[in-house]
Amino acid sequence: MVQSSRRPVGLKLAVDRILIGDCLSELKKLPDGSIDLVFADPPYNLQLDGDLLRPNNTVVDGVHQDWDKFLSFADYDRFTRLWLTECRRVLKPNGALWLIGSYHNVFRLGVALQDLGFWVLNDVIWRKTNPMPNFRGRRFTNAHETLIWASRSPASRYTFNYESMKALNDDLQMRSDWLLPICGGAERLKDADGRKAHPTQKPEALLHRVLLATTHAGDVVLDPFFGTGTTGAAARRLGRHYIGIERDPTYGRHAAERIAAVAPLPASAIDLGLGKRGEPRVAFGTLVELGIMAAGSRLFDERKRLTAEVRADGTLAHGELTGSIHKLGATLQGRPACNGWTFWHFERLGNLAPIDELRTQARKQLALAAE
């Protein structure tokens, strides 16, 4: 849905829409603390002083629109700080932001981010499998762009779907260099004359990874430089909500048509769960309080060479030694640390099982009590 926003104060945030208007004025209409994630692809400020020609003297279809032109670096920096300030205002306390840029602007963006209180988490290098060549032969081929991922503040408990990223990378930790092609083929939007609808359209694969990594289904994603709607298309497909801001009605129309054609994935395909890192914390003492693990029970190591008694306060005792499941496990092994959840086992039907299995039971019991 494309619309010009005129938001009365206090109106509930409306999502899945494109706001046509100036970035700064439209951002000011959004309520404080209403956005889970911002993805921003701001103007590059390329500072081009003429047409870029191929060796055969044909003109490269590059970025020459007015929206990429600024009077000076100071003018660009002022604009950057204004829209980043608004983005930080509308982010929830645990929200985060992604920026993407080239060598022309990404370093200036990074300084502004840190000056305004954002906390940089990673810089990610998007390595392009099919970059545009360097036609003049005077520099290296510019084969990458840089993304900056930052939380709203150092205290933010930002979203990171570690297990999903690891699965996406064949069970290896996802690295900070991503090899993906630039937008092309059927994905590249064209105008009525067959020309690129937007000169810097990003590939949906890039936004797929960003949203899969740092949002949950149902989260609200804001893109203040919406262009032809790559963020909105990826959000709709993955069951996220979006708000796009775009000052050019033609771009906005292309975006709306594109997003309307996207078929959302079924809930079963996007319900990825939180993973162990995102699950509510359960202390071993909670298992004792809930009666899942009775005080006086015996725990063992995997080979049943060591044993400990569960005490009423959730600590363990081995002779005169006492401590938490982690501390006592480490002491008995002579090691500096121990994951007590996997080290200690309980006896069930004649077999040993790690006490970690009991945490799932505790979480279910606590969730039912909270309903």
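Leaving aside neighbours within four places in sequence, which residues is Leu206 in contact with? In this predicted model, where local features need pLDDT of at least 70, side-chain atom pairs count only at pLDDT 80 or more and totals for chains, interfaces and linings use all residues, they are Ile100, Trp126, Leu147, Trp178 and Leu180. Contact here means heavy atoms within 4.5 Å. Residues are numbered from 1 along each chain as its sequence is written, and side-chain values use heavy atoms, with hydrogens and water left out.

Leu206 also belongs to the largest nonpolar core, which has 31 residues; it is among those that touch the most other members, along with Trp98, Leu147, Val210 and Leu211. Such a core is a set of buried Ala, Val, Leu, Ile, Met, Phe, Trp, Tyr and Cys residues joined through side-chain atoms within 4.5 Å. Buried means under 20% relative accessible area, exposed over 50%, and partly exposed in between (1.4 Å probe, protein chains only).

Now to the rings. The whole structure holds 10 aromatic pairs, counted when centres of Phe, Tyr or Trp rings (six-membered ring for Trp) lie within 6.5 Å; planes under 30 degrees apart are stacked, over 60 edge-to-face, and the rest tilted. Here are two of them:

| Pair | Centre distance | Plane angle | Type |
|---|---|---|---|
| Trp98 and Trp178 | 5.9 Å | 40 degrees | tilted |
| Trp149 and Phe160 | 5.5 Å | 45 degrees | tilted |

Trp98 is buried at 2% relative accessible area, and Trp178 is buried at 4%. Trp149 is buried as well, at 5%, whereas Phe160 is partly exposed at 39%.
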